[in-house]
Structure formats: structure tokens, C-alpha cells
Amino acid sequence: MNTERNKFISQHLSQINWILVDLSHPGNLGASARALKVMGASNMILVNPKIADSCSDQDAIKRAVKASDLLKNCRQMSFEKAIERSHHVIAFTSRRREIEPPEVDFIEMIKKIVDSLVISNDSRVSMVFGGERVGLMNKDVIRCTNVCKIDSGLEYSSSNLSHAVQIVAYALRSQLNNTFIATQKENNSTD
């Protein structure tokens with residue numbers, strides 16, 4: 001395992017807030033924590049959870065498996081506070097709305113975010129996911145800088161919350177890995 005590469009990836013993933021809005025099932029919080037931990041990400045934030053003590057709920061703890069540290073460090077705050085230092089705020093939704101921020105292609109968004117993180121250690125990003133029942137509300141979507149949809153089949157376009165978190169975290173980790181490898185090759189060719 002390349003510890004220098006993992007350090008690079010984890011450092012940049014730490015610049016991302018993973019915001020879960022209107023979470024209704026603590027089990028999905030635990031599964032999301034596990035998904036983020038597997039990818040080397042952290043910084044979970046809850047906005048308006050339906051169950052006040054979701055982070056200490058036994059179902060969340062059980063589904064988090066070895067990611068209980070992410071649950072312990074999970075913060076709860078308003079949407080405004082959660083995104084206040086973010087340069088990019090990406091809303092993930094499968095529904096089209098009449099009024100929404102510009103939509104960005106998933107692959108292009110991943111590249112843009114990784115470039116932003118690598119260029120500046122001060123860059124902050126928020127990935128915003130809605131609750132299990134109806135997803136993100138319009139009032140939250142319009143406060144984001146972009147909307148992004150995860151490509152899916154035509155018959156069923158909505159992913160489970162933890163699956164959507166895992167897909168995004170994996171894509172970011174993969175792009176950071178590719179960036180690290182490209183940087184290493186550039187550095188070795190100039191030596």
C-alpha cells in the first residue's frame with residue numbers, strides 16, 4: 001500500500017463536507033459513515049435530521065461497523081452554517097426542478113472538484129444529499145452552486161442514500177489517485 005498516495009488522497013478528501021439533509025433513518029447514517037470511511041473520507045454533517053440523536057442510535061452504530069469514529073465526529077448544524085466556507089456546493093438529486101443552479105456532468109464535476117482541491121489546500125467543498133423520502137427540498141437546492149445527477153437506468157433513477165455517498169466518494173478517490181500518479185510521473189520525468 002502506497003502511504004504517500006493515501007496521505008495525498010486523505011488530505012484532499014478532508015477538504016470535503018458530506019452533508020446529509022433531512023435524514024430519516026439512522027441506519028442510512030451508519031451505512032454512509034462506513035462508505036466514507038472505506039474511501040478515506042470524513043467530515044459528516046447532519047442538517048435537520050428527523051431523529052435528534054441519530055449519531056448515537058444503535059442502528060447507526062451497527063451499520064457503521066468500524067466507522068463509529070465518523071459518527072462520533074459527525075456534527076449537526078444549519079444548512080447555511082454547513083456550507084458557509086465552501087467554494088463549491090454540489091446538490092445530488094435525480095429530480096429536475098424549474099429553478100435550480102446550473103447542472104454539471106458527474107465526470108466533469110469530479111475533475112473540477114479534484115482540481116480545485118489540489119490547487120488550493122484552502123479550497124472547501126460540500127457534497128449535499130437529501131433525505132430518503134423525497135430527496136433535497138427546493139429551498140436547499142437553490143443554495144447550492146451546482147446540481148449533479150448520478151447516471152442511472154431509465155426505470156429507477158433514485159439511489160439509496162449511502163449508495164449515492166459511496167459512488168461520489170469512490171469517484172473522488174479514483175480521480176485523486178489518478179492525479180497523484182500523474183504528478184509522480186511528471187516529477188520523475190523532470191528529474
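**Figure 1. Charges and overall build of the predicted chain.** The chain carries 24 positive and 21 negative side chains, and the centres of these two sets lie 5 Å apart; Lys and Arg count as positive and Asp and Glu as negative, with His and the chain ends not counted, and each charge is placed at NZ of Lys, CZ of Arg, CG of Asp or CD of Glu. This is a predicted model, in which local features need pLDDT of at least 70 and side-chain atom pairs count only at pLDDT 80 or more, whereas totals for chains, interfaces and linings use all residues. Residues are numbered from 1 along each chain as its sequence is written, and side-chain values use heavy atoms, with hydrogens and water left out. Eight helices and six strands make up the secondary structure of the chain, where helices (H or I, at least four residues) and strands (E, at least two) are DSSP runs numbered from the N terminus. Read from the N terminus, these elements follow the order α-β-α-β-α-α-β-α-β-α-β-α-β-α. The radius of gyration of the chain is 17 Å, close to the 16 Å that the globule rule gives for 191 residues, so the chain is as compact as a globular protein of that length; the radius is taken over C-alpha atoms, and the rule is 2.2 Å times the number of residues to the power 0.38.

**Figure 2. Extent, surface and contacts of the chain.** The C-alpha trace spans about 55 × 40 × 35 Å along its principal axes. The accessible surface comes to about 10,300 Å², and 50% of it belongs to carbon and sulfur atoms; these areas come from the Shrake-Rupley method with a 1.4 Å probe, and for residues only the protein chains shown count as cover. Of the 191 residues in the chain, 48% are buried, where buried means under 20% relative accessible area, exposed over 50%, and partly exposed in between (1.4 Å probe, protein chains only). Among contacts with a separation of 6 or more, 87% join residues 24 or more positions apart, a contact being heavy atoms within 4.5 Å.

Figure 3. Helix H2 (residues 26–39) has 14 residues and reaches 20 Å from its first C-alpha to its last, close to the 20 Å expected at 1.5 Å a residue, the expected span being 1.5 Å times one less than the number of residues. The helix is mostly covered, with 11 of its 14 residues buried, including Pro26, Leu29, Leu36 and Met39. Just after H2, glycine 40 takes a positive phi of about 85°.

Figure 4. Asparagine 43 is found in the loop between H2 and E2, and asparagine 48 in the loop between E2 and H3. The phi of asparagine 43 is near 60°, a positive value in a residue other than glycine, and the phi of asparagine 48, likewise positive and in a residue other than glycine, is near 55°. Asparagine 43 is partly exposed at a relative accessible area of 23%, and asparagine 48 also counts as partly exposed, at 45% relative accessibility.

**Figure 5. Leucine 46 in strand E2.** Leucine 46 has its place in strand E2 and is buried, with a relative accessible area of 2%. Leaving aside neighbours within four places in sequence, leucine 46 is in contact with Leu20, Leu23, Leu29, Ser54, Cys55, Cys74, Arg75, Gln76 and Met77. Leucine 46 and arginine 95 are 49 residues apart in sequence and 21 Å apart in space, C-alpha to C-alpha.

Figure 6. Arginine 85 has its place in the loop between helix H5 (79–83) and strand E4 (88–92) and is exposed, with a relative accessible area of 59%. Arginine 85 and valine 128 are 43 residues apart in sequence and 14 Å apart in space, C-alpha to C-alpha.
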